[in-house]
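Please open the model in a viewer and keep the sequence panel at hand.

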Amino acid sequence: MSDYNIYTEQWERQDRRAAKRHTKKRLKPQPTVQKEKPVNYKPALMRLAEVNALKGEIVADFNRGSRGSLKKAYRKLNYLRENQADRPDLFAKSLSDINRRIFDRHIQLELLAKAITYNPNDSVTLTSYGTALAQAGQLEKSFEMFEASITVNPSESVTLNSYGTALAQAGQFEKSFEMFEASITVNPENSVTLTSYGTALAQAGQLEKSFEMFEASITVNPSDSVTLNSYGTALAQEGQLEKAFEMFEASLTVNPSDSVTLTSYGMALAQSGQLEKSFEMIEASLTVNPSDSVTLTSYGTALAETGQLEKAFEMFEASLTINPSDSVTLTSYGIALIEADQYDEAFKMFEASLTINPFDSVTLTSYGTALIEVDQYDEAFKMFEASLAINLKNSLTLNSYGTALAQSGQLEKSFEMFEASLTINPESEVALNNYGKALVEAGRYDEAFEMFEFSLQVDAENGATLTGYGTALAQAGRFEEAFKQFESSLQIDASDSVTLTSYGTALAQAGRFEEAFKQFESSLQVDAYDGVTLVSYAAVLEQAGNYEAAIVHLERVDTKSYTDDQTAFIYLTLGRLYYFTRAETLGNKYFDRAITLSSKQDAALLYAAQSILVKRPFSAEAMKRLKQITQQSPRYAQAQRMLSLNLVGEAFYDQFNVESDDELTDTQEFHKIIYHKMNNQVNLLRLVIEEIELTPQATENSRAFLTAIKQGVRTILAGIKERRQLEKKIRRDIPTRHYHEMIELISKTAHDITDFVNNKLFGLRTDVQEFLKYELIATDPFYPQLEQVLAKIRVAERGLNDLKSINQGIKIRPTQFKVQELFDPWQDLDRLDHAKIWFDVTNGNSEFYGDRQKIISFLSELIENSLRHNAGQPDLEITITSRDVVNPVIQSKTIPDERQYLYLSVRDNGVGIPADKKQWAFLPLKTTSDQGSGLGLFIIKRTLQKMGGQIEEVGQQGVHFKIHIPYKTRGEL
């Protein structure tokens, strides 16, 4: 048991004995045995000077803090109680007076709690106890004291002000403001209340109104250093640093040794980048008061922001030695530990801080932000929600939550957070910039640009805004405008590595690799081991085909400060690059290291296999890794599909085929995926139709039409089922190992289902279009419902494209035709949907021997992809080119042997394929569209390989697919 607890318990026993001595039920005198005989004090009112002297001794003994001095302090308290036994109210006031002059918070709380028992209706004591409890973080209990005090004296401005301050500390700003308003009503010129109110408003982000309060307080008392300091702190928060400095200077003119002002001034100077002067101020504050935990914490924070983490930790440790329960210090220490990547230690600090003050929104938000860095999104969201439960209008939390939601892909909800934040502070550059970045992620470029433009109206020289804007413009393909933003940012700070790296990335996206390399090199001159720059530079070098240099830069990254998952990502990239340079042993070594480190080992296995398959289709190493993904993994289905798609012919059949008829069905998983997709689309169409409820005023014609289209959809579903059952029945009679006969059956069924469904859907679509055009007016309630049906029919028709492609990929059916015939489906069109379509054909009369329908399907797939991925671009242009070429350069290599090729290209001016996704474009089940299956490009590439041809994507602004197919004789085919 501590000294403090021993003497508190001793005093409690003495208190109980004293109460017994003063009761009429006492049977006989209690002998008093005292080791130290007290002075025979007279009644307090008669000998006030002696009582005050005794109280001074008690204060001195408590503040010494030694075991002996604490014992003396409690003994003298007993003398004081004996002296004032007939005036409990006077003893309560004495306890309050002593409390105000001692340092130990625990003893303060004990004395005030005791004072309340002697005079429970004294509003001053109740207010003092409430204030002490709030300072100790016991906010709920403090509120009880303030409520009790207000019940005794509703018009006491000190109580109202103290209550308001405690409520603001708990984040209950609305109720806090009510208290301050009530206090101002009692005393409109109370500068303490006006300053406290201003401080609370600043904490809530209502800076303009807070400035009004501070100005009013200064009008009342121009020399109040507390007001001047608080005003300066709020101005610094708003970014008005010059005016903030004026306030701090004025405060120091009043009191040059005020450590609070010196510390606040130092923090504002650090914010402005004046670090040396900042540290001078804080050092001066510590000279005045070396044991001030607030100053030590502020110094630690400033040091951490400048990267002096070890020294920062010393300051935090010193602060916690003075006050181990200071939640602000614990939180600040946690934030600094995050900077040092010491996440486990940081989380301990945040947990300790929340144990002391569970309602601290700064701690909750900081904790949530730190959790995001280690991908613990669910736990982070709980922290943000808890912070918003305290204060729904906390713009810092709203911004952090919105950013985290955007990172996790929950874009719509992130927009809600940013909108809420901007409602509170419409000129918050942080909110505007992060909102802009999230809108870019959603492809909503015009809205994103508005955010960046508005942010620049707030501060035209904000380098972070200019860089973010430039990055967004580059992603939208508006490179020249992007480069202007980067140049403007570099004029502000030519050595900003973030800007230099972002500029380099954008130049690479525009295909200006040499200029991009210069920007990356400039960034590395600032910091040769900057991980972000090295990783980004490596990605661009890879894009340029310089794999060896990319490896050199990635291997320079110091992964000691990275999380295991971040390190695993770098190792996976190195593994892929080594495969590209044919150093497969090293590649496998890095893949193995990455898989060991990754918290999502199955995802790493899948990535490694995909990386290998990019360069080595049908690789046994890739197959081995895919087979390691267990049935318990959520990635098992994708691994199995990757296996099925990358095994061909008999190898595919041998891998999945078994004797059992039930398991034999799994042999066709690849085809089942598409059948199921078609069934799902038609079922969705059926559900849309079934949910249509006609109004009582609907015509008989409308009712009959709705019945007809319902029956039409049921007919389609029944037809699909009938044809699948027929295939299954015939398959039973095919010998197990007759692979080619099995494939022919699948092909025939696929072709039959495609034609059947396509014809039925075409008929339904035509009927609906004609009914909308000739039978209904736009204001008819049935009209928008039928428009929904029409939209679903079109989606279902798109679903057929995948099945067509698969069916067409099974067997090559060559014919002789003129090249011009490949463009017949679009020959009479100058527009397609929302796009302008151009043809540049110089070899239309060339005779080509090949599978005409398959090549047309390739072009159709690429055109459809362009339309789908650029749905919101009204000025979309698609250009199709056709040439005859000899010995073309394909993937940086010239084809030998003087062979002639049919060259086809499809390009657009749309958003293009992001650089980091280009390498995956032709792998199966990889798609960036919610309407695609991720099979189209894979099937095109696989089918072209059967034709001896190739496809590559080389677009820099928009997509640009190049197809080369060799001219062949009938004998060759």
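How many bridges join strand 3 to strand 5? Select residues 835–841 for strand 3 and residues 877–886 for strand 5: six bridges join them, and the two strands run parallel. Within this pair, Val841 stands opposite Ser882 in strand 5.

This is a predicted model, in which local features need pLDDT of at least 70 and side-chain atom pairs count only at pLDDT 80 or more, while totals for chains, interfaces and linings use all residues. Residues are numbered from 1 along each chain as its sequence is written, and side-chain values use heavy atoms, without hydrogens and water.

Strands pair if DSSP finds at least two bridges between them. Strands (E, at least two residues) and helices (H or I, at least four) are DSSP runs, numbered from the N terminus.

Now move to Ser259, which belongs to helix 14 (residues 259–271). Ser259 is buried, with a relative accessible area of 11%; buried means under 20%, exposed over 50% and partly exposed in between, with a 1.4 Å probe and protein chains only. Beyond its neighbours within four places in sequence, Ser259 contacts Ser285, Val288, Asn289, Asp292 and Thr295, a contact being heavy atoms within 4.5 Å.

Finally, display the whole chain, which comprises 44 helices and ten strands. Of its 973 residues, 50% count as buried.
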